[in-house]
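Please look over the sequence and the model shown below before reading on.

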Amino acid sequence: MRLSRRALLAATTAAVTIPTATAAHSAEGRRQTGFENLAANAYAQLSGDRVGIVTNPTGVTRDVRHIVDVMHADDRVNLIAVFGPEHGFRGTAQAGGSEGRYDDPATGLPVYDTYLKSGQPLADIFTASGVDTIVFDIQDVGARFYTYIWTLYDCMEAARLAGKRFVVLDRPNPVTGRSAQGPVLHKEFATFVGREPVSQAHGMTVAELALLFNGEFLTAPVPLETVRMTGWRRSDFYDASGLPWVPPSPNMPTPDTALVYSGTCLFEGTNLSEGRGTTRPFELLGAEGIDGRWAASANDLGLTGVHFREAYFAPTFSKFQGRTIGGVQIHVHDRAAYDPVRTGIGLLVTAKKVWSGFGWRPDNWIDKLTGSTRVRTMIDAGAGTDDVVAGWQRELAAFRRMRREYLLYK
């Protein structure tokens, strides 16, 4: 039987790990990740358990050692397994790929593949691994369709089925946690780029999302603990953390990419290039036959915090590989004022207006990315940016109210 949201929140809050005085003192005013606070507390939350960890190349310390290597070398942790998401534990696979099952050469630990696995099959992997507790530590980028948050969701559900405990080590939302933006997923459009009704830019950390999933969406709650960050504020961009940026996936090379991604990833659902195969994925957009009229039209929208530059480029892979195409480069000049989702919609509207070749992917992938048919059908009907954005405000307000109950930071 599902617990009420209020009762579950009280239960999970009691289980949330508050960083110790020792951890806070060692930080000397510096922001600390969940892993740093776990280590400062001598891994007490994992004591006596056989531990498996879901992670990827972003699971690093401040001096860029991987936490799997650190924990494996520490006698206070009995780390026995690693679970890799999309792109793999060591990050060698491109979008839509993984590394499969292998033994990690650096540690000898078995690495299990979680990509596109969920429910009982994933629970069976957790059972076969022999772990008691599953730890999650992956850097997210703040967008609903970035698959790591759904790896978190699937692993929580599978851990529940397998009777395992689940611990989430928190990391910053690199584009701040100020607010949720964009359309909310409709359940009939649920896929691995969106399992549940979450807004397109969720404005949450992975620990907050874990609490939300446990309280609202899982079939039944999993035994969950979160290890919070210290010193992180909701208004902080990634550079405030002092942490190194490790690309969470091959086409997320910088925090600047993350800043635009929750809007411009929508171009995956079109016949335009979203900049894959360039040094500025999701900041460069274009197609054959587009010229400077698109940048001019986008600038005429008066979108806050951003300018658009006429650009020409030749992707080395993906759409238009090896062909010179025209389009725009996004230049964010005021990231606090910038609204990535509104910007993404404005760019779709203007691209359709100025380029006769504009089209959606035949499989209507745009509906999976936006979470319903609304954006596609409104743009096809000639709606402007403001009208499209207005269309999701009621659902967004409801999500924001629900989200508020699970926020851990000011």
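**Pockets, cavities and packed helices**

By class, the residues that line the second largest pocket divide into eight nonpolar, seven polar and three charged, where Ala, Val, Leu, Ile, Met, Phe, Trp, Tyr, Cys and Pro count as nonpolar, Asp, Glu, Lys and Arg as charged, and the others, Gly among them, as polar. This is a predicted model, in which local features need pLDDT of at least 70 and side-chain atom pairs count only at pLDDT 80 or more, while totals for chains, interfaces and linings use all residues. Residues are numbered from 1 along each chain as its sequence is written, and side-chain values use heavy atoms, with hydrogens and water left out.

The second largest pocket holds about 240 Å³ of space, and of the 18 residues that line this pocket, Val175, Arg178, Ser179, Gln181 and Pro340 are the closest to its centre. Helix α8 (residues 255-264) gives the most to this lining, with three residues. On a 1 Å grid over the protein atoms alone, a pocket is an open set of points with protein on both sides within 12 Å along at least five of seven lines, a cavity is a set of points where a 1.4 Å probe fits but cannot get out, and lining residues have an atom within 4 Å of a point. Grid points are joined across faces, edges and corners, and a volume is the space filled by probe spheres set on the points.

The largest pocket contains about 450 Å³ of space, and of the 26 residues that line this pocket, Glu86, Ala95, Thr147, Glu268 and Arg276 lie nearest its centre. Its lining is made up of 15 nonpolar, five polar and six charged residues. Among the residues that line the largest cavity are Thr58, Gln139, Arg171 and Tyr238.

How do helices pack against one another? Two packed helices are described by the angle between their axes and the distance between the axes. Helices (H or I, at least four residues) are DSSP runs, numbered from the N terminus, and axes are lines fitted to C-alpha atoms over the stretch in contact, with angles that run from 0 to 180 degrees between N-to-C directions.

In their contact (heavy atoms within 4.5 Å), Leu259, Val260, Ser262, Gly263 and Thr264 of α8 meet Pro340, Val341, Gly344 and Leu347 of α10. This contact has five nonpolar, four polar and no charged residues.

Helix α6 (residues 148-162) packs with helix α7 (residues 206-217) at an angle of about 45°, with their axes 10 Å apart, and α6 and α7 are therefore oblique to each other. On the side of α6 the contact is made by Ile149, Trp150, Leu152, Tyr153 and Met156, and the residues of the whole contact comprise 10 nonpolar, one polar and no charged. Helix α5 (residues 119-129) also packs with α6, at an angle of about 65° and with the axes 8 Å apart, so α5 and α6 are roughly perpendicular to each other.

How values were computed. Helix = DSSP H or I, 4+ residues; strand = E, 2+ residues; numbered from the N terminus. Parallel < 35°, antiparallel > 145°, perpendicular 65-115°, else oblique.
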